[in-house]
Structure formats: structure tokens, C-alpha cells
Amino acid sequence: MGMADAEGQGPPDGLPDLPPEWGRVVIPDDASELDHEARQIRHELRRLHQRTVWRRRLGLAPRPDGRPPLGLPVLVLLVSVLITLTGLAAVTWPRSSRSGGSPTVLPYPATASAAVGPLPALDLVDAAESPVPLRSLLPAMIVLVDACACAEQVAQAVAEAPPGVTVVTVTGSREVDATPAPGVRALADPAGGLRDYLRLAAHPGTAPALLVDRTGILVRLVPELGPVDQYRDDLVHLAA
């Protein structure tokens, strides 16, 4: 087959010759010699079958009328929606706010804590609306009474304060108590500088307290002024 006859007029059996691009075709006597090629062909056929099945399941196979598959636009739309949702999640995901150099407000621990940060150089006002440098009253226990007068707790703090430690009450308006309790220095912070610096919101019924040593370091912030036992040791250390 494929060999010319004696006169060179083509194959002797009358069959057409094989295409020249096929090259030399060798048919082995033992068919088992073609096992390797047969395995490759079966593997390619299985891959083609699986690909066709999945394209048909996903609607990506071409339709009989030759129009584009219905699943392709759906797949493009699904990818676009996923990209949009990912972008929205990245934009709206909550981020932690930066402190901007302000001291961190910590809950009162059971043991003595390290210094929180420096006290800002603020000028408050007294009952006569005269400016009073806050650092001139150090060491001090500063109680913010704009959300709660908490007279009982303030009186307990005054009773426990050692000599040399000033107990200061600070309101959030220009109204200052003209007759404060004995041992209390009443001032006002109309601009709200202390709360802004500490990033401390006012909560009705609570009066936070700041314990500041003579060097101006805020050594303890008590979120809610309560029993004296919670801060007695730190209050004593302010006079050291």
C-alpha cells in the first residue's frame, strides 16, 4: 500500500496514496507495540469529554443554532458582581482610629499601672472667669463633673487626698460652683480641651478622674470615680 508499481503509475492495488505530510507510516506486526500511543489517545479523549460535559453544565457550550452560549454572559456578570462587592467591603470595613499622640484610656487595674501620658498645658477658668493654668495646681486629682456632680465621691476623694495634692473639679461650661466643698478647687473647661485630648466621651451619672503627679504626668485615669479603695494607693503616691 502506498508503493508504486513497476511502471511508477501508482499503487498496484488501485488505492490512493497516503498524504505526504503523514510521513512514513509503519504498521507493526504486533499490535501491542501501539499501547503507548493508544493510552495517549484515550487520555486526550477523556479530557475532551470531561471538558465538554462541564461546558454543557455551565452553559458554556455553543448552542445548536450557532449563537453564543447563555452561560458566558452570566459568568461575566457574576465576576463583575464579585469584584464590586469586594471593593465595597474594602472601603466600608471598619478601621481602628489612631490616637494622634493622645494617651490611651485604660480601665483601672487591680495593681499600680505605669504612666499614661503627659497632661496638656491647658488654662481653665474659675468662678470669676479668670484663667487658671492647670499645671500650676499639680500634683492633683482632677475630676470631670460635667456629666455627674458626684458630690459624695468627690468628698471621699478630698478626705483621702494627702497634703499637697489638690482635688480639682472641672465642669464643661463656664458655670463654676462659687461655693465648692472644702478642699476642692472648682474650675471650668468651656472648650472641652481635657475630654478632647483624652478622647473621653461624657456618660450621664459618671465622673472620671485624672491622677497627675507634680511633673505633669497623667499616671492614672479612673473611668468612673467610685470607692476610694480603687485609687487610694495612687493618690498617696502623687504626694511623693
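Helices (H or I, at least four residues) and strands (E, at least two) are taken as DSSP runs and numbered from the N terminus. With that settled, I read the pattern along the sequence as α-α-β-β-β-β-α-β-β-α-β-β-α. The protein has five helices and eight strands.

**Ground rules.** I note that this is a predicted model, in which local features need pLDDT of at least 70 and side-chain atom pairs count only at pLDDT 80 or more, while totals for chains, interfaces and linings use all residues. Residues are numbered from 1 along each chain as its sequence is written, and side-chain values use heavy atoms, with hydrogens and water left out.

**Burial.** I looked up how much of the protein is covered. Buried means under 20% relative accessible area, exposed over 50%, and partly exposed in between (1.4 Å probe, protein chains only). Of the 240 residues, 28% count as buried.

**Disulfide.** I searched the whole structure for disulfides, a disulfide being a pair of cysteine sulfur atoms within 2.5 Å. The search gave one. The bond joins cysteine 148 to cysteine 150, with 2.1 Å from S to S. I found the link of cysteine 148 and cysteine 150 to be right-handed, with 115° about the S-S bond. Are these cysteines buried or exposed? Cysteine 148 counts as buried because its relative accessibility is 17%, and cysteine 150 counts as buried at 10%. Cysteine 150 is in the loop between strand 4 and helix 3. I also noted a positive phi of about 45° at cysteine 150, which is not a glycine.

**Other backbone entries.** For background, most residues other than glycine have a negative phi, and most peptide bonds are trans. I found that glutamate 129, not a glycine, has a positive phi of about 60°. Glutamate 129 sits in the loop between strand 2 (123-125) and strand 3. Its relative accessible area is 48%, so glutamate 129 is partly exposed. I then noted a cis peptide bond between leucine 138 and proline 139, with omega about -5°. Proline 139 lies in the loop between strand 3 (131-133) and strand 4.

**Salt bridges.** I counted a salt bridge where a side-chain nitrogen of Lys or Arg is within 4 Å of a carboxyl oxygen of Asp or Glu. The structure holds four of them. One of these joins the side chains of aspartate 146 and arginine 195, at 2.7 Å from N to O. This pair links distant parts of the chain, 49 residues apart: aspartate 146 is in the loop between strand 4 (140-144) and helix 3 (151-160), and arginine 195 is in helix 4 (residues 193-198). I recorded aspartate 146 as partly exposed, at 36% relative accessible area, whereas arginine 195 is buried at 11%.

Next I looked at arginine 232. Its side chain meets that of glutamate 160 in a salt bridge of 3.2 Å, N to O. Arginine 232 lies in helix 5 (residues 232-237) and glutamate 160 in helix 3, so this pair ties together parts that are 72 residues apart in sequence. Arginine 232 also meets aspartate 229 in a salt bridge, at 2.6 Å from N to O.

**Surface patches.** I took patches as residues with over 30% relative accessible area and no salt bridge, like charges being joined within 9 Å and nonpolar side chains (Val, Leu, Ile, Met, Phe, Trp, Tyr) within 5 Å. Accessible areas come from the Shrake-Rupley method with a 1.4 Å probe, and for residues only the protein chains shown count as cover. Which residues form the negative patch? I listed Asp29, Asp30, Glu33, Asp35 and Glu37. Aspartate 35 is in helix 1 (residues 35-57), and it is partly exposed at 38% relative accessible area.

I also found a nonpolar patch of about 460 Å², made by Leu75, Leu78, Val79, Leu82 and Ile83. Leucine 82 belongs to helix 2 (residues 71-92). With a relative accessible area of 49%, leucine 82 is partly exposed.

Key:
Lys, Arg positive; Asp, Glu negative; His and termini not counted. Charge placed at Lys NZ, Arg CZ, Asp CG, Glu CD.
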